[in-house]
Amino acid sequence: MAELQSVDHVKARLGEVGYLADEPAALVSYLAAQLGKPILVEGPAGVGKTELAKALSRATDRRLIRLQCYEGLDEAKALYEWNYRKQLLRIQTEAQDAGWETVKEDIFGEEFLLERPLLTAISAKDPVVLLIDEIDKTDQEFEAMLLELLSDFQISIPELGVIEARSRPIVVLTSNNSRELTEALKRRCLYLWLDYPDAEREHEIVRLHAPDLPDAVARRLVEVVHMVRNLDLKKPPSIAESIDWARALLLLGAEDVDESMLQHTMSIIVKHRTDLDMVAERVGVKLTDGLIGRQSA
Ligand SMILES: Nc1ncnc2c1ncn2[C@@H]1O[C@H](COP(=O)(O)OP(=O)(O)O)[C@@H](O)[C@H]1O
Ligand SMILES: [Mg+2]
């Protein structure tokens, strides 16, 4: 099991497994692992929140256990469920000779428990990375249910008692900020705000994901993406879109990001009708006039 020894070490390890963390991300990851506190990562879509958890799992050689949140997610899907069929079978085979009291003892044992991600993470023998993805999609009751887990690393099952963590997981919660999370939840976590990266880091990320793209094209691409982000769009392009665009430009053998290339491929980075119009108008013109990027091309 790879341990994380210092902030620089975290940064280096994450880099080795393909995640270029900035200073705050490396610092919070290090502290979370050392202090045994969950990380709450917030930020716009596509800036590397989910990937940070995946990268931490690769960097520490820990298994990744993922709970994808959605509206209406409940304990039965997140924590555990009783295996009714199996319980029923046991009741049927035992009922004739044994009394109800004996059967009841039997059917609420671990054997009849169906583990869901949170219980799996808690009861794993080797420490894991637990990703609770897009927590803002659930409701406040669900958050409240998580509190016991996040502060004490245990789960109470009425029929069985308290199940304590055998090992302490690294917990990463992500949120797209679609609703304000409760203070109680935030208090238990270390907070990391991930934003769009600066041009230098984004260039490195693009190079990492599309190493064969000529460097000059990668630089231009990042410049254009940053210009597009500065417009007042419904949905600005994220790192995920920059990477997709880089791969597309590579496939198309692009040697430059000029106006015509932008016109043909901008639907990879902008996905609203009105946004497309705005980009064509505002960025397209600048590319034609050679107002950006020439010095670095
Ligand atoms: N710092 C980074 N280093 C390397 N790749 C990154 C980084 N940040 C984002 N990515 C890439 O960007 C894409 C989107 O990231 P993701 O974690 O899915 O975004 P989010 O969960 O914030 O919506 C992924 O393909 C990921 O590999
Ligand atoms: Mg995500």
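This is a predicted model: local features need pLDDT of at least 70, side-chain atom pairs count only at pLDDT 80 or more; totals for chains, interfaces and linings use all residues.

Me: What makes R13 and E16 a salt bridge?

Reply: The closest N and O atoms of R13 and E16 are 2.7 Å apart. The criterion asks for a side-chain nitrogen of Lys or Arg within 4 Å of a carboxyl oxygen of Asp or Glu, and the pair therefore qualifies. By this rule the count comes to 18 salt bridges.

Me: Why are R13 and E16 separated by about one helical turn?

Reply: Both residues belong to helix 1 (residues 7-16), and they are so separated because they are three residues apart in that helix.

Me: What makes the approach of L20 to ligand 1 a polar contact?

Reply: A polar backbone atom of L20 is 2.7 Å from a nitrogen atom of the ligand, and the limit for a pair of N or O atoms is 3.5 Å; the term therefore applies. Under that limit also fall G46, with a polar backbone atom 2.6 Å from a ligand oxygen, and E51, whose backbone N or O atom lies 2.8 Å from an oxygen atom of ligand 1. The protein covers 82% of the 560 Å² of accessible area that ligand 1 has on its own.

Me: How do you know which residues are around ligand 1?

Reply: A residue counts if one of its heavy atoms lies within 4 Å. There are 15 such residues, of which L20, G46, K49, T50 and E51 come nearest. The shell divides into eight nonpolar, five polar and two charged residues.

Terms used:
Residues are numbered from 1 along each chain as its sequence is written. Chains are lettered from A and ligands numbered from 1 in the order in which they are written. Side-chain values use heavy atoms; hydrogens and water are left out. A polar contact is a pair of N or O atoms within 3.5 Å; within protein, one must be able to donate a hydrogen and the other to accept it, and residues adjacent in sequence count only if both atoms are side-chain atoms. Accessible areas come from the Shrake-Rupley method with a 1.4 Å probe; for residues, only the protein chains shown count as cover. Ala, Val, Leu, Ile, Met, Phe, Trp, Tyr, Cys and Pro count as nonpolar, Asp, Glu, Lys and Arg as charged, and the others, Gly among them, as polar. Helices (H or I, at least four residues) and strands (E, at least two) are DSSP runs, numbered from the N terminus.
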